[in-house]
Amino acid sequence: MSLCLCIDEMHPSLPPMLQEIGVQLHFRPDLKAAEVPAALADHPYDGLMVRSKLRITADLLAHGPHLRYVARAGAGVDNIDEEALAAAGVTLLNAPEGNRDAVGEFAIGLLLSLFRNVVRADKEVRQGVWRREANRGEELGGKVVGLIGYGHMGRSFARRLSAFGCTVLAYDIDPTVAADQYATLVSLAELQARADVVSLHFPYSAANHHYINKEVLGAFRNAIWLLNTARGEVLDHAGLVEALQSGQVRGAALDVLENEKLATLTPTQQARFDFLKNADNVILSPHIGGWTHQSYHRINEVLTRKIAAFLAQDPGNG
């Protein structure tokens, strides 16, 4: 029987799902990050399941000589050193299919809330202020929505946008990404020339740190609305604040931030965050785009399916 260590909280459906495919789960969400190396060394685990409690590094992998796969319960793998995994012969499995629907729906909600001033209007009415004309909004129909990144999350958003009568353009650096009936693939320059709305849907890596910066934002022909449900670090928040101040960005909805541990903000980060939280054309949420009751369960289903396929084809199984 395969043995897997899980160090993060997961939907309770996980143990029986894994047992059904011949995987014995040691469920240890109580483990602190510093305790994981010793736990790996204590048992011949061939699988490690994580969310974002710790970074998966070469040093950590050295404590688990029997590891054959790391399963990331979610889409993002920015806490995992993929080169270290490859060097150790460890396969990476993740589950973007598990929360893509949640992210697609949430992005729609953010965009409609921006266009119709929902958050601002709600606050005003609660304070006894009734301003109809000041909260006159925009319609999504007829707008050009540009998606930067066209993987699972971008496609999920595009599919939902198709019902609103807008034009969807997508740009992706991966040449193997294909267009579909929901979006037209274009160059970044064409997206910048045409888009009214820009939504970020690409994973973070050191190579694309602050990929969306002052220069990229300044190259859009139209003043844009900006959504980020990807990772905070792909967006230069200094450039964003400047673009909001100049009107180049008409409004922003951010589900992710440059530093999501708000108690640890540097003075510079704090100044940017203070601007964003006080701007009435900015919507902030605590990285909940993919965080639904349904996706919590579905991620288990996706990972179980991928682990089963891996164990069936991996020659080291058994």
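This is a predicted model: local features need pLDDT of at least 70, side-chain atom pairs count only at pLDDT 80 or more; totals for chains, interfaces and linings use all residues.
**Domains and salt bridges: a quick chat**

Trainee: What is the relative accessible area of Lys306?
Mentor: Lys306 has a relative accessible area of 24%.

Trainee: Okay. Which side chain meets Lys306 in a salt bridge?
Mentor: Glu97 does. The N to O distance is 3.1 Å.

Trainee: And where do Glu97 and Lys306 lie?
Mentor: Glu97 is in helix H5, residues 96-115. Lys306 is in helix H12, residues 293-313. So the pair ties together parts that are 209 residues apart in sequence.

Trainee: How many salt bridges does the count come to?
Mentor: The count by this rule is 17 salt bridges.

Trainee: New topic. What domains does the chain have?
Mentor: The domain assignment gives domain 1 and domain 2. Domain 1 takes in 2-94 + 294-313. Domain 2 covers 100-284.

Trainee: How many Å apart are their C-alpha centres?
Mentor: The C-alpha centres of domain 1 and domain 2 are 32 Å apart. Six residues from domain 1 and five residues from domain 2 make the contact.

Trainee: What area do domain 1 and domain 2 bury between them?
Mentor: They bury about 380 Å². Of that, 52% is on carbon and sulfur atoms.

Trainee: Which three residues supply 73% of the area on the domain 1 side?
Mentor: Ala75, Asp78 and Arg298.

Trainee: Now Glu124: buried or exposed?
Mentor: Buried. Glu124 has a relative accessible area of 11%.

Trainee: What forms a salt bridge with Glu124?
Mentor: Arg131 does, and the closest N and O atoms are 2.7 Å apart. Arg131 counts as partly exposed, at 38% relative accessibility.

Trainee: What about Arg272 and Glu258?
Mentor: They form a salt bridge too, with the closest N and O atoms 3.0 Å apart. Arg272 lies in helix H11, residues 267-278, and Glu258 in the loop between strand S11 and H11. So this pair ties together parts that are 14 residues apart in sequence. Arg272 counts as buried at 17% relative accessibility. Glu258 is buried at 16%.

Trainee: Which residues are linked with Asp101 in a network of salt bridges?
Mentor: Arg159 and Arg160.

Trainee: Last topic. Where is Ser199?
Mentor: Ser199 sits in strand S9, residues 197-200. Its relative accessibility is 0%, so Ser199 counts as buried.

Trainee: What does Ser199 touch?
Mentor: Leaving out residues up to four places away in sequence, Ser199 touches Gly146, Leu147, Ile148, Phe157 and Leu227.

Trainee: And which side chain joins Ser199 in a polar contact of 2.7 Å?
Mentor: The side chain of His201.

How values were computed. Residues are numbered from 1 along each chain as its sequence is written. Side-chain values use heavy atoms; hydrogens and water are left out. Domain bounds come from an automatic or database domain assignment. Contact means heavy atoms within 4.5 Å. Buried area is the accessible area (1.4 Å probe) that two parts lose on being put together, summed over both. A salt bridge is a side-chain nitrogen of Lys or Arg within 4 Å of a carboxyl oxygen of Asp or Glu. Helices (H or I, at least four residues) and strands (E, at least two) are DSSP runs, numbered from the N terminus. Buried means under 20% relative accessible area, exposed over 50%, partly exposed in between (1.4 Å probe, protein chains only). A polar contact is a pair of N or O atoms within 3.5 Å; within protein, one must be able to donate a hydrogen and the other to accept it, and residues adjacent in sequence count only if both atoms are side-chain atoms.
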